Amino acid sequence: MNLVDKLETLQSIQKEQGTLRAIAFLRDRLLAKLRGKIGYQQWRKQHCFTETDIQSAREEIATWSHCPLFSILLPVYNVEGVVWLEKAIQSVRGQIYPHWELCLADDASPADHIRPLLQKYQESDRRIKVIFRDQNGNISAASNSALELATGEYIGLLDHDDELAIDALFAVAKLLQIHPNADFIYTDEDHIDTKGKHFDPAFKPDWSPEYFHTQMYTCHFGVYRTQLVREIGGFRSEFDGAQDYDLVLRLTEKTKNIYHIPKILYHWRAIASSSASGVQGKPYAFQKGKKALESMLERSNYPGFVAETEIAGVFRVRRQLQEEYKISIIIPSAGKQIKEAGKNICLLENCIQSIQEKSTYRNFEIIVVDGWDIPEEILEPLEGKIELVRDRAPFNFSTRINLGVEKARGDMILILNDDTQVITPDWLESMLEFAQQAEIGAVGAKLLFPDGKIQHSGVVIVEDIHPMHVFYGYEGAHQGYSFSNLVNRNYIAVTGACLMMRKALFAELQGLDTEFALNYNDVDLCLKAHQAGYRNLVTPYAQLSHYGSASRSDRQVRPEERQKLAEKWGAYWQKIGGDPYYNPNFAPNNPNFEL
């Protein structure tokens, strides 16, 4: 029975027996497997560069007044089979964009065939330069030797067994026609096996510092302003294996002119000796990656330490708290009760109890905002534990939060739904690490339904300015795309069910817009932060259980509020070209990182 037949069988079983969770879960996994098998191959066929595209590109290049020279650095050492090195060189020679030079540095390869091969290419194309090192110095030393040959305005990095897409330099040069100030440009990439089959694409977000501090996601194809690379000292041998990671960490401390081209322009060869083949390829590289992050922290205004995760090459950067900030936890509530296991449970009481009993960070106050509708029997045992703010006006979430903030005495505010309960005791510290940083806007948490499924792990905004929760309803342990559900990651917006922000920044952004009485007030706040130059993010290390709007009497999204969001942010959305943290190659109508 093939995969499609299995899916049809599962669907018929569902009709006969009802919606069984186990069957639904299996169905979803089979669908994902099917999409994975055929999705990328179909995508490649649709996005391949045709002869017509090539001709159009050449005509476009002829109209440019500025054609920057790219110096491609290619360190060489004992390539496994001459064929891969030749394919790497030919991928540069075959570029549509002609203004390049290939700077090859042989790192004293003992193999007899390397020198004559490089000399042959040097003699065949004046744009190819070669330096033969007297001693083996490893990757950074060889890269620096290649850098010495570079005369281009920009350098690009190519490994000796990988390939550039035919339009790689054209795409970068085209971006530079619009953004001549760019100092660092990176592209999407995929893997290619020894038979030439392409697989495992990496569709990346735009520049995401917090995500970058968890893993070297920019990787290939990286293009850097030559002068800036030289100013920061080039490649450092003590980070061999993660020398590119160290380079980007230092370079991005010097510039904000960082651009991402969401196209597959680099093909990473998967062979036994390459880290593209998995952890076994170059395990030492991950330890050097940790060392590069530790070096970054030594230079940072927010020092800390690097913790390893269960995933090799994926890290968690911990920041020291600059002071013992006071947190004002603001909870709008009506004191609603729900039935659970046959008992009436007050959501507000449960929420406050979990905060007080589980939180390891103790410098907080709790401000409850209500509409004079919390019963006295609920308020009485909370006396002395909370500050109560009351509002007789009709319910408006934004108004009530703003009233709570006015009463807040803390340096930080934390907007929190009353239908949440703390899971991770250090949730406040995990959020504070980021909220204290001057460039950070809103900090969100990972929220799980009581059954362990994902309610919130970040918000993306898809077509027609439609905010959606990523991987909504997936298993809580689902790793997400490139581990995005397991690590700190930038998102355009986070949910107001648990949102931390500096009180001063909340005031700077003029609080929540009261035009959004029920929905999208949190998204609007996050967009205001982004427009003002701040980064928003989600940390999965702060986890809470969330009943999922159980405290709301009206759970439906109001169409007029979504329309209002689109009208308010339409011009800005067009200006930034869509959600910067959600690759445009993903489906425009779902938030699950699918082609």
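Mentor: A cavity is a set of grid points where a 1.4 Å probe fits but cannot get out, and its lining residues have an atom within 4 Å of a point. Keep in mind that this is a predicted model.

Trainee: Which residues line the largest cavity?

Mentor: Glu-210, His-213, Thr-214, Val-317, Arg-319, Phe-434 and Asn-488 form that lining. Two of the lining residues are nonpolar, three are polar and two are charged. The space inside comes to about 50 Å³, and the structure holds one cavity of 30 Å³ or more.

Trainee: Why is Cys-103 called buried?

Mentor: Buried means under 20% relative accessible area. Cys-103 has 0% relative accessibility, so it counts as buried.

Trainee: What makes Cys-103 too far from the closest cysteine sulfur for a bond?

Mentor: A disulfide needs two cysteine sulfur atoms within 2.5 Å. The closest cysteine sulfur to that of Cys-103 is in Cys-67, 18 Å away, and therefore too far for a bond. Cys-526 is in no disulfide either, with the nearest cysteine sulfur, that of Cys-498, 12 Å away. By this rule the count is zero disulfides.

Trainee: And Cys-526, why does it count as buried?

Mentor: Its relative accessibility is 0%, so Cys-526 counts as buried.

Trainee: How do you know that the reach of helix H6 is close to the expected one?

Mentor: Helix H6 covers residues 138–149, 12 residues in total, and spans 17 Å from its first C-alpha to its last, against the 16 Å expected at 1.5 Å a residue.

Trainee: What covers the buried residues of H6?

Mentor: The cover includes strands E1, E2, E3 and E4 and helices H9 and H10. Among the buried residues of H6 are Ser-140, Leu-147 and Leu-149.

Key
Residues are numbered from 1 along each chain as its sequence is written. This is a predicted model: local features need pLDDT of at least 70, side-chain atom pairs count only at pLDDT 80 or more; totals for chains, interfaces and linings use all residues. Side-chain values use heavy atoms; hydrogens and water are left out. On a 1 Å grid over the protein atoms alone, a cavity is a set of points where a 1.4 Å probe fits but cannot get out, and a pocket is an open set with protein on both sides within 12 Å along at least five of seven lines; lining residues have an atom within 4 Å of a point. Grid points are joined across faces, edges and corners, and a volume is the space filled by probe spheres set on the points. Ala, Val, Leu, Ile, Met, Phe, Trp, Tyr, Cys and Pro count as nonpolar, Asp, Glu, Lys and Arg as charged, and the others, Gly among them, as polar. Helices (H or I, at least four residues) and strands (E, at least two) are DSSP runs, numbered from the N terminus. The expected span of a helix is 1.5 Å times one less than its number of residues. Buried means under 20% relative accessible area, exposed over 50%, partly exposed in between (1.4 Å probe, protein chains only). Contact means heavy atoms within 4.5 Å.
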